[in-house]
Amino acid sequence: FDLAESIPGPSTRFFGDIARSLEIVLVTSLFEKRAPGLYHNTAVVFDTDGNIAGKYRKMHIPDDPAYYEKFYFTPGFEPIQTSIGKLGVLVCWDQWYPEAARLMALKGADILIYPTAIGWESSDTEDEKNRQRDAWIISQRGHAVANGLPVVSVNRTGYEPDPSGQTG
């Protein structure tokens with residue numbers, strides 16, 4: 001919680017400068033401190049001028065070992081208007097639910113974008129890892145087909161040790 005930032009803040013200034021200098025629409029993620037004791041897993045969208053076009057706060061909350069995210073979420077499915085169109089930005093666990101994608105599509109999203117940090121437990125077998133990856137790919141394709149929209153799913157790479165010691 002000590003690493004959470006307000007919006008605007010240092011990270012949004014940094015990424016706003018990048019969006020402005022490259023004249024791109026940029027979707028970023030950060031752990032937002034909205035108020036004392038109120039936190040969100042938030043995607044922030046910057047338009048080509050570097051200004052914040054909007055933000056999306058994650059809705060669907062896993063409560064699994066090492067994923068105690070129920071302490072930072074908020075409701076709301078609204079596409080973010082940018083100079084290139086309406087972005088249906090949904091964060092991480094939201095990607096598993098068809099109603100989230102459908103609501104964004106019904107509200108006029110031109111594209112669905114899922115910034116995420118999904119992976120598997122290091123002790124999972126290769127078969128289990130493949131099963132999880134295939135389920136993820138199928139879900140993204142399903143959102144595209146069911147809603148007639150392109151889907152961009154961005155995931156992390158690499159290994160992150162679990163400081164809680166709950167997982168490998």
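# Notebook: a predicted chain, residue by residue

**Entry 1: Ala19.** I looked up Ala19 and found it buried, because its relative accessible area is 0%. Buried means under 20% relative accessible area, exposed means over 50%, and partly exposed is in between (1.4 Å probe, protein chains only). I am working on a predicted model, where local features need pLDDT of at least 70, side-chain atom pairs count only at pLDDT 80 or more, and totals for chains, interfaces and linings use all residues. Residues are numbered from 1 along each chain as its sequence is written, and side-chain values use heavy atoms, with hydrogens and water left out.

Ala19 sits in helix α1, residues 10-22. Helices (H or I, at least four residues) and strands (E, at least two) are DSSP runs, numbered from the N terminus. Next I listed what Ala19 touches, not counting residues up to four places away in sequence: Ile24, Leu26, Phe46, Asp47, Thr48 and Gly50. Contact means heavy atoms within 4.5 Å. I also checked Asn51, which is 32 residues from Ala19 in sequence and 8.3 Å away in space, C-alpha to C-alpha.

**Entry 2: the whole chain.** Along the sequence I read the pattern α-β-β-β-β-β-β-β-α-β-α-β. Of the 168 residues, 39% are buried. I then took contacts between residues at least 6 apart in sequence, and 57% of them join residues at least 24 apart.

**Entry 3: helix α2.** Which residues of α2 are buried? In this helix, residues 98-106, I found Ala100, Ala101, Met104 and Ala105. Seen down the axis of α2, these fall within an arc of 130°, so they line one face of the helix. The arc is that of the directions from the helix axis to the C-beta atoms. I noted the general rule too: an α-helix has 3.6 residues a turn, so residues three or four places apart point the same way. On the other side of α2, Pro98 and Leu106 are exposed.

What covers the buried residues of α2? The cover includes β3 (52-57), β7 (85-89), β8 (111-115) and α3 (126-147). Just after α2, I saw that Gly108 has a positive phi of about 100°.

**Entry 4: α2 against α3.** I looked at how these two helices meet. Their axes come within 10 Å and cross at roughly 35°. Axes are lines fitted to C-alpha atoms, for helices over the stretch in contact, and angles run from 0 to 180 degrees between N-to-C directions. From α2, the contact uses Pro98, Ala101, Arg102 and Ala105; from α3, it uses His143, Ala146 and Asn147.

Elsewhere in α3 I checked Ser139. Ser139 is buried, with a relative accessible area of 19%. Not counting residues up to four places away in sequence, Ser139 touches Gln95 and Trp96.

**Entry 5: two cores.** A nonpolar core is a set of buried Ala, Val, Leu, Ile, Met, Phe, Trp, Tyr and Cys residues joined through side-chain atoms within 4.5 Å. The largest one has 20 residues. The residues with the most contacts inside it are Tyr56, Leu87, Val89, Leu90, Met104 and Leu112. At least two residues of this core come from each of β2 (38-46), β7, α2 and β8.

I followed Leu90. Leaving aside neighbours within four places in sequence, Leu90 is in contact with Tyr56, Phe77, Ala100, Ala101, Met104, Ile113, Tyr114 and Pro115. A second, separate core has six residues, including Ile7, Ala19, Leu26 and Leu30.

Leu30 lies in strand β1, residues 26-35. It is buried, with a relative accessible area of 12%. Among the residues that Leu30 touches are Glu5, Ile7, His40 and Val44.

Entry 6: Most residues other than glycine have a negative phi, and most peptide bonds are trans. I looked for exceptions. The peptide bond from Ile7 to Pro8 is cis, with omega near 0°. Pro8 lies in the segment before α1.

Glu23 has a positive phi, near 55°. Glu23 is in the loop between α1 and β1. Is Glu23 buried or exposed? It is exposed, with a relative accessible area of 63%.

Cys92 also has a positive phi, near 45°. Cys92 lies in the loop between β7 and α2. At 12% relative accessibility, Cys92 counts as buried.
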